[in-house]
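Subject: Structure for your review

Hello,

Please find the structure below.

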Amino acid sequence: MSNKQARPVQAERTPLKARRVSFAWEDTPLHWVPGDPFTTHTINVLHLLLPAGERWFVHVYRQALPLIRDDRLREDVIGFIGQEATHSQAHDEVLPHLREQGLDPTPYTAQVDWFFEKLLGDRTLPPGRARRWWLLERIALIAAIEHYTAFLGDWVLNAAELDRRGADPTMLDLLRWHGAEEVEHRSVAFDLFVHVDGDYRRRVRTWALAFAALMFLWQRGARFFMAHDPTLVDGKASFRAFHRSGRRGTLPAMGALLKSIPRYLSRAYHPSQEGSTAQAVAYLASSPAALAAEKAERDA
């Protein structure tokens, strides 16, 4: 039962390119949202999840390239690979800064590495149906995860409350540069899934796995950070605190997150229904890190 009803709702497409950004972290405080360690650390979980996760995306998509029979989609997937590799590196470079501030994420990142490299990694399977099945499962998982990375990207591009609360501008630029590229390439993973398979039952099954895994890993990461923050006494993370932060606008609203579920599970779903390519491209044209990367490329 394939998902042949899914169609783009708007002709939004932009050539994808990797922007070789870099960030200087020496002036970024431990609590880069002033007076709000919970919001800071909940978002900081991205720095723990994304390096391993996006390396895994790249690894799986390189295996998927021989299955692509559409030249435009192949071009998009290659652009996606370049962007995700850069995302992984940019978030990875935050980790030494966290260590310098007394937060060593190694115990948690070791678990995340195991999740992506071992649990979701390559398996010793015979060529043919079994090996193809495992590749298709992982392509579908990435499509489900990308639904949420695009959701988060759209949220952070519009999270004006972070600006009002004086969030560190370098961290905001990292998050919004990354979020803008997630919105920019939000259709690629789903289009690839539909191209190579598109089975609706697989879409539902892998969404459930992806959503459960993301919720588990995210709350575990937030609790890890709060418990190990050297400036906090008995620091704790909770869903109640997440809900409060969502109501304030410093984190995604729980209601918006829940409403995103039926959209993805709709047979008429297409990622072009989410976010705005024009807004993403506009931010990328003004991002300090993206502009510096473009200048460095011109001067090279």
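In this predicted model, the axes of helix 2 (residues 71-92) and helix 7 (residues 169-184) cross at roughly 160° and come within 11 Å. Angles over 145 degrees count as roughly antiparallel, so helix 2 is roughly antiparallel to helix 7. The crossing of these two helices is left-handed. On the helix 2 side, the residues in contact are Q83, E84, T86, H87, A90 and H91, and they meet L174, W177, H178, E181, E182 and E184 of helix 7. By class, this contact of helix 2 with helix 7 has three nonpolar, five polar and four charged residues.

A second pair is helix 9 (200-228) and helix 11 (254-265). Their axes are 10 Å apart and the packing angle is about 160°, which means that helix 9 is roughly antiparallel to helix 11. Here the crossing is right-handed. Helix 9 contributes Y200, R203, V204, W207, F211 and M215 to the contact, while helix 11 contributes L257, I261, Y264 and L265. The class count for the contact of helix 9 with helix 11 is nine nonpolar, no polar and one charged.

Next, the pocket. The largest pocket holds about 920 Å³ of space. Its lining has 48 residues, and L49, L152, L214, M215 and W218 are the ones nearest the centre. Which helix gives the most to the lining of the largest pocket? Helix 9 does, with eleven residues. By class, the lining of the largest pocket has 35 nonpolar, nine polar and four charged residues.

The residues lining the largest cavity are T28, P29, L30, W32, N44, V94, H97, L98, Q101 and M171. They divide into six nonpolar, four polar and no charged.

Regards

Terms used. Residues numbered from 1 in each chain as written. Predicted model: local features only at pLDDT ≥ 70, side-chain atom pairs only at ≥ 80, totals over all residues. Heavy atoms only, no water. Axes fitted to C-alpha atoms, helices over the stretch in contact; angles between N-to-C directions. Helix = DSSP H or I, 4+ residues; strand = E, 2+ residues; numbered from the N terminus. Parallel < 35°, antiparallel > 145°, perpendicular 65-115°, else oblique. Left-handed = near helix turned anticlockwise from the far one by under 90°. Contact = heavy atoms within 4.5 Å. Nonpolar A, V, L, I, M, F, W, Y, C, P; charged D, E, K, R; others polar. 1 Å grid on protein atoms, 1.4 Å probe; cavity = no way out; pocket = protein on both sides within 12 Å on 5 of 7 lines; lining within 4 Å. Points joined across faces, edges and corners; volume = space filled by probe spheres on them.
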